[in-house]
Amino acid sequence: MLLKKVASGLAIALVATATVFAGDIDLEGVKCVVASKPADASKSADYKDGKVYFCCNGCAGKFAKDKEKFASSANRQLVATKQYEQKACPFSGKDLNPDTATEVSGVKVTFCCNGCKGKVEKAEDDAKVKMVFGEKSFAKAFAKAADETE
């Protein structure tokens, strides 16, 4: 009887540990959705079938009050943390051309052609993020990453 209880306890601990490790997100170099400070894994909110991370509870509160205001930054962070991946050009929705890869706010982004890439390269940093990771572009180009455990 005692052996059964110990075995059950170990099985539960093993599943819990595996679940924690499977859900780990690498936040190295990832900035808060609201402020340009390092994101903290203990400060997060559910967002679009994923999680976004903040530097403090104050920023988490600001995000909760106005998600729309921070949507581009939150979408960028979903891609930076590999919870979402690019599937198409953010402007045209067409297939990606690997020769057009560039970086937008620390995230690798690819386009269908050099014309689309050129639009982003001409813009200022904040405008680039809004162009590529704004709601319309994000919906067109990015999708939830496949779960590795499936």
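This is a predicted model: local features need pLDDT of at least 70, side-chain atom pairs count only at pLDDT 80 or more; totals for chains, interfaces and linings use all residues.
Biologist: What makes the pairing of the Q86 side chain with the backbone oxygen of T110 a polar contact?
Modeller: The side chain of Q86 reaches the backbone oxygen of T110 at 2.5 Å, and this counts because a polar contact is a pair of N or O atoms within 3.5 Å (within protein, one must be able to donate a hydrogen and the other to accept it, and residues adjacent in sequence count only if both atoms are side-chain atoms). Residues are numbered from 1 along each chain as its sequence is written, and side-chain values use heavy atoms, without hydrogens or water.

Biologist: Why is Q86 called buried?
Modeller: Its relative accessible area is 18%, and buried means under 20%, with exposed over 50% and partly exposed in between (1.4 Å probe, protein chains only), so Q86 is classed as buried. Q86 lies in strand β3, residues 84-86, where strands are DSSP runs of E of at least two residues and helices runs of H or I of at least four, numbered from the N terminus. Leaving out residues up to four places away in sequence, Q86 touches L96, K108, V109, T110, A141 and F142, contact meaning heavy atoms within 4.5 Å.

Biologist: How do you know that T100 counts as buried?
Modeller: T100 has 1% relative accessibility and therefore counts as buried. T100 lies in strand β4, residues 97-104, and its side chain reaches the backbone oxygen of F111 at 2.7 Å. Beyond its neighbours within four places in sequence, T100 is in contact with residues including V109, F111, C113 and K117.

Biologist: What makes the largest nonpolar core a core, and which residues have the most contacts inside it?
Modeller: A nonpolar core is a set of buried Ala, Val, Leu, Ile, Met, Phe, Trp, Tyr and Cys residues joined through side-chain atoms within 4.5 Å. The largest one here has 30 residues, with V52, F54, F63, F111, V132 and F133 having the most contacts inside it. Among the elements giving two or more residues to this core are β2, β5, α4 and α5, and α3 gives the most, with 4 residues. F63, for its part, touches V33, V34, A45, Y47, V52, F54, F70 and A74, not counting residues up to four places away in sequence.

Biologist: How are α4 and α5 packed, and at what angle?
Modeller: The helices α4 and α5 pack at an angle of about 145°, with their axes 8 Å apart; the axes are lines fitted to C-alpha atoms over the stretch in contact, and angles run from 0 to 180 degrees between N-to-C directions. The contact is made by K119, V120 and E121 of α4 with K128, M131 and V132 of α5. The buried residues of α4 are C116, K117, G118 and V120, and what covers them includes β4, β5 and α5.

Biologist: Why is K128, a lysine, called buried?
Modeller: K128 is called buried because its relative accessible area is 16%. This residue of helix α5 touches V104, V120, E121 and A123, not counting residues up to four places away in sequence. K128 and E103 are 25 residues apart in sequence, and their C-alpha atoms are 9.9 Å apart in space.
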